[in-house]
Amino acid sequence: MSKSIEIKDLDIYYDKFKAVENVNMTIEPKSVTAFIGPSGCGKSTVLRSINRMHEVIPKAWVDGQILLDGDDLYGAGVDPVRVRSQIGMVFQRPNPFPTMSIGENVLAGVKLNNKRISKKDADELVETSLRGANLWEEVKDRLDAPGAGLSGGQQQRLCIARAIAVKPDVLLMDEPCSALDPISTLAIEDLIHELKTDYTIVIVTHNMQQATRVSDKTGFFNIAGTGKPGKLIEFDETRTIFENPANQQTQDYVTGRFG
Ligand SMILES: Nc1ncnc2c1ncn2[C@@H]1O[C@H](COP(=O)(O)OP(=O)(O)OP(=O)(O)O)[C@@H](O)[C@H]1O
């Protein structure tokens, strides 16, 4: 089930360093939101704070609220492990577990959450997740082969299958195509389009064409200088951000006049 994300007055720190300041945005369910901006402006940091992965780094913390369909993910008593199962993540480099087979990789997240499932249910889940990730036809005859034996693009779709197998509400993607060739990139972009019918998706991308191709809304982040916190400069329909942004910094960035 797809849910909304509301970020309120969010500051994000690495120990004493404030990496991101005062982020406010509302992300609609069943939409794709792209985060763009120059290196170091805090896109990945914001993304990782949405599923409480940020605090895994020693002394990293946040101030502010992130609401998933109105529930504060940072509220007292909220289990970060449960948050991470509701909000899945796909990383820059495909990272299937190297010693596991394709089928075991799909089930890895489910097993990590201590869910016991029958062989029949497991087989069904492997198939629906791989179909959901547009990988089933390519791997259905070799589910017992190692996940590491797939191509980079196939491995990334396997990681997406692993993420959707736990039936999350949200999928976060941190530059999911940056290690892939153009054909595999298009396959992932097509998949993002399809996944939007079931999930809320947030994607960090350095590729502005990709942002225009896959996203409904875009957030442009910027940084005033080294050591300064990154800020969300503008958040709007992707078309508006790229064709008629309200802010001069956004205009300069999307037209390549930046820096
Ligand atoms: N583990 C960390 N410890 C300390 N500081 C960090 C850590 N990770 C990131 N930072 C700092 O936080 C700031 C934001 O980094 P972040 O990686 O979120 O930016 P980004 O916009 O995603 O950059 P890029 O586009 O290069 O991936 C940077 O100043 C970075 O050096």
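The legends below describe close-up views of a predicted model.

Residues are numbered from 1 along each chain as its sequence is written. Because the model is predicted, local features require pLDDT of at least 70 and side-chain atom pairs count only at pLDDT 80 or more, while totals for chains, interfaces and linings use all residues.

**View 1. Overall fold of the protein.** The protein has 10 helices and 10 strands; these are DSSP runs numbered from the N terminus, helices being H or I of at least four residues and strands E of at least two. The C-alpha trace spans about 55 × 45 × 30 Å along its principal axes. Its radius of gyration of 18 Å agrees with the value near 18 Å for a compact globule of 259 residues, where the radius is taken over C-alpha atoms and the globule rule is 2.2 Å times the number of residues to the power 0.38. Of the 259 residues, 43% count as buried (20 or more other C-beta atoms within 10 Å of the residue's own; exposed means 12 or fewer, partly exposed in between, with C-beta atoms placed from the backbone).

**View 2. The shell around the ligand.** The residues around the ligand are Y14, A19, G37, S39, G40, C41, G42, K43, S44, T45, I57 and G230, each with a C-beta atom, placed from the backbone, within 6 Å of the ligand. Helix α1 (residues 43–50) gives the most to this shell, with 3 residues. By class, the shell has 4 nonpolar, 7 polar and 1 charged residues; Ala, Val, Leu, Ile, Met, Phe, Trp, Tyr, Cys and Pro count as nonpolar, Asp, Glu, Lys and Arg as charged, and the others, Gly among them, as polar.

View 3. The 10 strands follow the order β5-β4-β1-β2-β10-β9-β3-β8-β7-β6, with mixed pairing; two strands pair if DSSP finds at least two bridges between them. Strands β5 (71–72) and β6 (87–90) stand at the edges with a single partner strand each, so one side of each is left without a neighbour in the sheet. Strands β7 (residues 170–174) and β8 (residues 200–204) run parallel and are joined by 5 bridges, with L172 opposite V202 in β8.

**View 4. Strand β1 and its two partners.** Strands β1 (residues 5–14) and β2 (residues 17–27) run antiparallel, joined by 7 bridges, and I12 stands opposite V20 in β2. The two strands form a hairpin with 2 residues between them, and D15 in the turn has a positive phi of about 55°. Strand β1 also pairs with strand β4 (residues 60–68) in the antiparallel sense over 8 bridges. Y14, one of the residues around the ligand, stands opposite A60 in β4.

**View 5. A161 in helix α6.** A161 is found in helix α6 (residues 152–165) and is buried, with 29 other C-beta atoms within 10 Å. Leaving aside residues up to four places away in sequence, A161 touches V106, S129, L130, G132, A133 and L135, a contact being two C-beta atoms, placed from the backbone, within 7 Å. A161 and L107 are 54 residues apart in sequence and 8.9 Å apart in space, C-alpha to C-alpha.

View 6. Most residues other than glycine have a negative phi. K59, in the loop between α1 and β4, has a positive phi near 70° and counts as exposed, with 10 C-beta neighbours inside 10 Å. E175, in the loop between β7 and α7 (182–195), has a positive phi near 45° and counts as buried, with 21 C-beta neighbours inside 10 Å.
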